[in-house]
Amino acid sequence: MGPGTPGAAASPRALPLVARLSYAVGHFLNDLCASMWFTYLLLYLHSVSAYSSRGAGLLLLLGQVADGLCTPLVGYEADRAAGCCPRYGPRKAWHLVGTVCVLLSFPFIFSPCLGCGAATPEWAALLYYGPFIVIFQFGWAATQIAHLSLIPELVTNEHEKVELTALRYAFTVVANITVYGAAWLLLHLQGSPHMGPTQEVSDQLGVQDVPVFRNLSLLVVGIGVVFSLLFHLGTKEGHRPRWEEPDEHSPLLTHKAQPLLLWKHWLQEPAFYQVGLLYMSTRLIVNLSQTYMAMYLTYSLSLPKKFIAIIPLVMYLSGFFSSFLMKPINKWIGRNMTYFTGLLGILAFSAWVALANGLGMAVYVAAVLLGVGCATILVTSLAMTADLIGPHTHSGAFVYGAMSFSDKVANGLAVMVIQSLHPCVSDLCCTACVGFYHWVMVAVTGGVGVAATLVLCSLLLWPIRLRSWNPGTQ
């Protein structure tokens, strides 16, 4: 019996197509920014702005830790805010706050440090970027948690949750395609004949590429704000009465009180940690492979810089088409086997990269394997999280916030460890970093993939359900 079975009401009407689509585009701005953040931040700071590998890693770690700390707090407050915004809805209100923060901060992250010159020490420049990164990550967390926690609010059917999650991921892929397509176009225009003397060195990343990343960030927020507006106009959030945790002033008896699963009850559930570990492993694979793919293509495979847009584009096109198969595949073989199928593609990619000296044109096939695998495990892990929450939507934002906290902190620490191990001290990339990024790609896909497989085995032995919480004793 799943977590949502007890107390399930009569089957509600299916969510209209327009409502599903308007919900699905609500994370588009976040997805655009996340694509740039994970794919190009280290590359921009290290290869374009010439900051040290540790300095670049430190800024990414700051962002991930800020995001990780904000997500459970935002989730907790979003759950408590039920009833505070009767005309708008607490989830959408938090979504709006987050969107504004992202719009006001993100362009500064991919723009040159204002007031900095050649004599400015690196620590001062890093301090300049810090506040913008923290504001951006708070906004990103608020938008993400508000959007995710709407899934169990809008639909209750298990397969509809998968469909809504798959639609959400489909637009995530569209966002990534948009970013990589725009990056390719900007790099292509930069290398056009009117560039004159710079054309001969345009295949190598450098300070001349600063306008490319600045213009790309402005384009991202311009497109994202349009889709955020569509979400707020087309998504109707249900209104629930505000709930409060019981304290010493609460009455012992309440009239027809319905037991609530509070945030502290989740901490006593083994399934909460099982799903959390699986989600964290999933995000480590997806985000770290996205972060280091550009480095791997540039330094290990020595490909021209246009490939930092082309190969991620191939990955996400593959993920886009595979996301539409998630609902029938989940119905056919179930959640666990669907996730395992995605893991097989990722492990195959890792083995290929580890054994091949050079991929050549096969890099496109490898990108398809990784793209389909990442899409499959991400959609399925989000659906498993929605299964865990079930009808307990009053504390759903806390669950998503806690899951996101573990994933953000783990990603930030992993990047910092990898950047600290970078073998080149003074050069952007010495001979040793060719093999370094090669084995980084193997580790973040194959190594974490094996860990995810072990967590998945625990779900086969102990399926997702609430074991400790007993409504009759609350």
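# Exercises on a predicted model

The count of aromatic pairs in this predicted model comes to 19.

**Exercise 1.** Classify the ring pair of Y51 and Y129: stacked, edge-to-face or tilted?

*Solution.* 
- Step 1: check the distance. The ring centres of Y51 and Y129 are 6.4 Å apart. The cut-off for a pair is 6.5 Å.
- Step 2: check the angle. The two planes stand at 80°. Edge-to-face needs over 60 degrees.
- Step 3: conclude. The pair of Y51 and Y129 is therefore edge-to-face.

**Exercise 2.** Find where Y51 and Y129 lie, and state what their pair ties together.

*Solution.* 
- Step 1: Y51 sits in the loop between helix 2 (28–48) and helix 3 (53–80).
- Step 2: Y129 belongs to helix 5 (residues 122–148).

**Exercise 3.** Decide for Y51, Y129 and F405: buried, partly exposed or exposed?

*Solution.* 
- Step 1: recall the cut-offs. Buried means under 20% relative accessible area, and exposed means over 50%.
- Step 2: take Y51. Its relative accessibility is 13%, so Y51 is buried.
- Step 3: take Y129. Its value is 1%, so Y129 is buried.
- Step 4: take F405. Its value is 32%, so F405 is partly exposed.

**Exercise 4.** Locate F405 and name the surface patch residues that go with F405.

*Solution.* 
- Step 1: find the helix. F405 is part of helix 14 (residues 396–420).

**Exercise 5.** Describe the surroundings of G26.

*Solution.* 
- Step 1: locate the residue. G26 is in the loop between helix 1 (17–24) and helix 2.
- Step 2: At 2% relative accessibility, G26 is buried.
- Step 3: list contacts. Leaving out residues up to four places away in sequence, G26 touches H95, T143, H147 and F231.
- Step 4: compare sequence with space. G26 and S228 are 202 residues apart in sequence, yet their C-alpha atoms are 5.4 Å apart.

**Exercise 6.** Trace Y40 through the nonpolar core and the aromatic cluster.

*Solution.* 
- Step 1: start with the core. The largest nonpolar core has 136 residues. Y40, F106, F110, Y292 and M293 have the most contacts inside this core.
- Step 2: ask which element gives the largest share. Helix 10 (residues 270–300) does, with 16 residues.
- Step 3: turn to the cluster. Y40 is one of its members, which include W37, F106 and F110.
- Step 4: check contacts. Beyond four places in sequence, Y40 has contacts including F110, Y180 and F213.

Notes: Residues are numbered from 1 along each chain as its sequence is written. This is a predicted model: local features need pLDDT of at least 70, side-chain atom pairs count only at pLDDT 80 or more; totals for chains, interfaces and linings use all residues. Side-chain values use heavy atoms; hydrogens and water are left out. Patches are made of residues with over 30% relative accessible area and no salt bridge: like charges are joined within 9 Å, nonpolar side chains (Val, Leu, Ile, Met, Phe, Trp, Tyr) within 5 Å. Accessible areas come from the Shrake-Rupley method with a 1.4 Å probe; for residues, only the protein chains shown count as cover. A salt bridge is a side-chain nitrogen of Lys or Arg within 4 Å of a carboxyl oxygen of Asp or Glu. Helices (H or I, at least four residues) and strands (E, at least two) are DSSP runs, numbered from the N terminus. Buried means under 20% relative accessible area, exposed over 50%, partly exposed in between (1.4 Å probe, protein chains only). Rings of Phe, Tyr and Trp (its six-membered ring) pair if their centres lie within 6.5 Å; planes under 30 degrees apart count as stacked, over 60 as edge-to-face and the rest as tilted. Contact means heavy atoms within 4.5 Å. A nonpolar core is a set of buried Ala, Val, Leu, Ile, Met, Phe, Trp, Tyr and Cys residues joined through side-chain atoms within 4.5 Å.
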